[in-house]
Amino acid sequence: MSIELSGLGKTYQPDEWVLHDVSARIASGEFFAIVGPSGCGKSTLLRMIAGLTPITAGNLKINGRVVTDLPPKERQLTMVFQSYALFPFLSVQANVAFGLKARKFPPAEIDQRVTRAIQLVDLTAFRDRKPRDLSGGQRQRVALARAIASEAKLCLMDEPLSNLDAQLRVKMRTELRRLQQQLGLTVIYVTHDQVEAMTMADHIMVLHDHQVQQIGTPLDLYHHPANTFVGSFFGAPRMNLLPARVSEATELTLAQTLKVALPRPLPVADYTVGIRPNAITVLPAGTGAPCATVQTVEYLGAQTLLETQLPDGTALELIGVAPADYRPGDRVAVQLTGTLYVFDAQGRARMTLEGGVVHGNDAQTVSVADQS
Ligand code: ADP
Ligand code: MG
């Protein structure tokens, strides 16, 4: 099942575009995630693909056929919601069989499909239980079994794991991915969780501000963000975004302190520079490198996160060096040793630098190993 979105738009109120010009191609058998903050239109887009919400502009093709105005049942897809949507008074088996009965399949075929689907999600021992006697994870597996039993090759999922506790969510990610590959399903998966999207998807669409920000593989989005939004959305700890200025064609100054020599000129203007905490090396103060002042210290076990401030007041998040004990007020020296992303005033990616190191005012560029 391949899907093609061409310039899809949606208004609920006249002239208020909730989604604008959304285009994408989703290949058969791929796990495609739609990710973005709450309220950015993810559910709206998924419901437009499902046929549950009318499409205001553009068109939608499934397997090469225009389905923009077709009702849901003619789109040959199935949907799994966050809320499971199970019938409380029906057993697991009856819940899974419900849609097939409604579609008047022969009883023997229903039985065969339901048995297999329940087996695939590992609920055979629970087939006679009611939803109230199941855990959250088991309920979500019933919803999955229902989707599997329909044998639709396209499955749309709207935050299906967000009601589960953290540990179960991690386990279900792997299970879902395994089932999707085993059954050769095309999955369009909506989530607000960047880690879920990164770990499960073949391709990710990032939605924000009513528009598509970028579409790419998880590694593409991480290593080549198209703009500041995508840069800071993926990766934890988050990418630092620093105010920057080019005052001479090849000299870039970050937060009025850190100077970087550009390998080729950029127009004299204001920029924003993105640096992930793991692209900055923290050194003891007094090495001649510019210093930042520690504000807060967060111990995460393997890592120590330092929230620091540069002399001009710009916040900078750093990863501390293992055994050192940091306290608020400490000064640490910083060296930019990894990738720097230069974004223009509109936040669009303009240049990527593979490691610039700066001491005081003597700008220099040092190449480091490519991190990709
Ligand atoms: P997400 O799933 O990303 O959180 P939604 O698609 O639910 O976002 O909502 C996107 C925007 O559309 C929000 O501003 C929301 O208030 C609005 N919206 C969603 N559904 C409706 C509706 N039925 N009528 C009017 N506005 C809606
Ligand atoms: Mg939603």
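This briefing describes the domains, the ligand surroundings and the salt bridges of one protein model.

The model is predicted: local features need pLDDT of at least 70, side-chain atom pairs count only at pLDDT 80 or more, and totals for chains, interfaces and linings use all residues. Residues are numbered from 1 along each chain as its sequence is written, chains are lettered from A and ligands numbered from 1 in the order in which they are written, and side-chain values use heavy atoms, with hydrogens and water left out. The protein chain comprises domain 1 (3–231) and domain 2 (237–370), with bounds that come from an automatic or database domain assignment.

**Domain arrangement**

- A distance of 39 Å separates the C-alpha centres of domain 1 and domain 2.
- Seven residues of domain 1 and 10 residues of domain 2 take part in the contact, where contact means heavy atoms within 4.5 Å.
- Between them, domain 1 and domain 2 bury about 710 Å², and 53% of this lies on carbon and sulfur atoms; buried area is the accessible area (1.4 Å probe) that two parts lose on being put together, summed over both.
- On the side of domain 1, the most area is lost to domain 2 by Tyr222, Thr228 and Gly231, which together account for 62% of what that side buries.

**Surroundings of ligand 1**

- The residues around ligand 1 (those with a heavy atom within 4 Å of it) include Tyr12, Cys40 and Lys42.
- An N or O atom in the side chain of Tyr12 lies 3.3 Å from a nitrogen atom of ligand 1.
- A polar backbone atom of Cys40 is 3.2 Å from an oxygen atom of ligand 1.
- A polar side-chain atom of Lys42 is 2.9 Å from an oxygen atom of ligand 1.

**Salt bridges**

- The structure contains 10 salt bridges.
- One salt bridge joins the side chains of Arg113 and Glu109, at 2.9 Å from N to O.

How values were computed: A polar contact is a pair of N or O atoms within 3.5 Å; within protein, one must be able to donate a hydrogen and the other to accept it, and residues adjacent in sequence count only if both atoms are side-chain atoms. A salt bridge is a side-chain nitrogen of Lys or Arg within 4 Å of a carboxyl oxygen of Asp or Glu.
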